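This briefing is meant for someone opening the structure for the first time.

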Amino acid sequence: MPSPARGQLSRRLLLLLLVLPGLMALGACASDSPYPANDPGWLRAQEQHLLDVRAKGIRTHDEALFMQGVARGDKAFVARQRRYFANMVQLPLARFRYVVTDRTWPGRLAEPGLGARARIPRVQQVTELRGFDTGPVRRTTGFVFAQRHGQLMIVADRTRTGALFPGYDPAPWDLVRVVVRRSHGVLGVFGRSTAADADRILPVVAAGVHDVQAGLPFSWPGRVVVYCFENRVVLNSFAGVPGGNIGHLGALTFPVRSENGSRERTVGMRFTLLPSSLGAGQPFLGRIVRHELTHVALGPRDDGAPVWFAEGIAEYMGARPLPRDQRRIASVALTRAREPIGGMPASSSFNGPDQDWHYALSWMACDYIAATRGESTLWALMDAFHNGGIGTRDNQQDAVLQRVLGLNSHQLAERAAARIRRIYG
């Protein structure tokens, strides 16, 4: 039987062993090296704790908590962190957390002055916008961790060149100060120079949602996220821009994937109104908004369709609520419609020097189908092109067109051109 004194000592030792890891997880040790350099699991635990505190600060709108693990030496870094916090607390976040993975970025990505003990774990950031995303969005980023006055701190969120970590797909709130506004199921994310347009833009988007819902053969909840920016940092961040030049576009719709670079699951759709559209008046603004909302509403339903059809049906829906005399067409369309027609535009070259003509011909092809065969045939053609997710290549489209319309691509293009000449000639 142990003596009472030895029993008390054992209990004290046990209590110390239970408390010590918690104290060390809080970075409360006096040593300059509070964790074993050769224990990756221990390092990840400390890093995960700091990021858990950071995420809790955002979820609870507590800036002091969010900044608790941020080193104060780099003024630009500190300012960027405060800006990020101010951006994130405006968003309707259903989820926000970080997961430190067991992989690290190469040490050469960090500033040389951070020392050999700096670590850059690959960190998964998990977000979900309540009411707008159907699941979590996971993006891999990185943070540089190092010792500051005996305490583990986050000392950088960029590489040594000031760039985001490789492969990270940023949202506007990662890059610049944003202003978030909500109205009638629309979440608007604006820059400083466009925030004054919110009261003008949001009602147009809400009205566009109503118009598009009225023309769809299926139910769509109509909750949408729209970006409105003039800042080149944001505009240059969009990947996969049709035609390769965002300056040639008035707007852009894009899917949000559950995993960056993955095509497995789409959890949300966004669209951005670009500078050429933001300053436009009616009816052009409403029309382009309805065009983009059609892409948002269709989501993956038109995946795999020839580009001319995906853009043509969006053009059709954009113009649908307008009186015929307000349905403007590109001036080049009438000239091109009088020339020999080869067929519907190729997907590979749809966006480019001839895109105004391609959009016009594609719109009139869909307008012709709706006018002569009924809108139900237009939606049936979309389903046929989608082909259960397999899609339809350009060299396969004639078989689908013949089955649904009794026409091939050349014949449909000729009828679309004739419609341009009849309405606008």
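A pocket, as the word is used here, is an open set of points on a 1 Å grid over the protein atoms alone, with protein on both sides within 12 Å along at least five of seven lines, and its lining residues have an atom within 4 Å of a point. In the second largest pocket, 19 residues form the lining, and Thr-134, Trp-220, Gly-268, Met-269 and Val-296 are the ones that lie nearest its centre. The model is predicted, and the points below should be read with that in mind.

**Confidence**
- The mean pLDDT of the protein is 89, and 89% of its residues reach 70 or more.
- Residues 1–34, however, have a pLDDT below 50, and this stretch makes 20 contacts in the model beyond near neighbours in sequence.

**The second largest pocket**
- The space in the second largest pocket comes to about 400 Å³.
- Strand 8 (224–228), strand 10 (266–273) and helix 8 (284–298) are the elements that each give two or more residues to the lining of this pocket.
- Of these contributions, that of strand 10 is the most, with four residues.

**Helix 4 and its surroundings**
- Helix 4 covers residues 75–88, and because its 14 residues should span 20 Å at 1.5 Å a residue, the distance of 20 Å between its end C-alpha atoms agrees with expectation.
- At the start of helix 4, a side-chain oxygen of Asp-74 comes to within 3.0 Å of the backbone nitrogen of Ala-76.
- The buried residues of helix 4 are Phe-77, Val-78, Gln-81, Arg-83, Tyr-84, Phe-85, Asn-87 and Met-88.
- These buried residues pack against helix 2 (40–59), helix 3 (63–66), strand 1 (93–104), strand 2 (121–129) and strand 5 (151–156).

**Asn-87, a residue of helix 4**
- Asn-87 lies in helix 4, and it counts as buried because its relative accessibility is 0%, under the 20% cut-off.
- The side chain of Asn-87 reaches the backbone oxygen of Trp-173 at 3.1 Å.
- When residues up to four places away in sequence are set aside, Asn-87 touches Trp-173, Val-176, Arg-177 and Val-178.

- Not counting residues up to four places away in sequence, Leu-164 touches Arg-158, Thr-159, Pro-170 and Leu-175.
- Leu-164 and Leu-175 are separated by 11 residues in sequence, and their C-alpha atoms are 9.6 Å apart in space.

**Backbone features in loops**
- The peptide bond from Gln-282 to Pro-283 is cis, with omega near 5°, and Pro-283 has its place in the loop between helix 7 (275–278) and helix 8.
- His-149, a residue other than glycine, has a positive phi near 55°, and it is found in the loop between strand 4 (144–148) and strand 5.
- His-149 counts as exposed because its relative accessible area of 85% is over the 50% cut-off.
- Asn-387 is not a glycine either, although it has a positive phi of about 55°, and it is found in the loop between helix 12 (375–386) and helix 13 (397–404).
- With a relative accessibility of 38%, Asn-387 counts as partly exposed.

Note on methods. Residues numbered from 1 in each chain as written. Predicted model: local features only at pLDDT ≥ 70, side-chain atom pairs only at ≥ 80, totals over all residues. Heavy atoms only, no water. pLDDT = per-residue confidence, 0-100. Contact = heavy atoms within 4.5 Å. Expected span 1.5 Å × (residues − 1). Buried < 20%, exposed > 50% of the residue type's maximum accessible area, 1.4 Å probe, protein only. Polar contact = N/O pair within 3.5 Å; in protein donor to acceptor, adjacent residues only side chain to side chain. 1 Å grid on protein atoms, 1.4 Å probe; cavity = no way out; pocket = protein on both sides within 12 Å on 5 of 7 lines; lining within 4 Å. Points joined across faces, edges and corners; volume = space filled by probe spheres on them.
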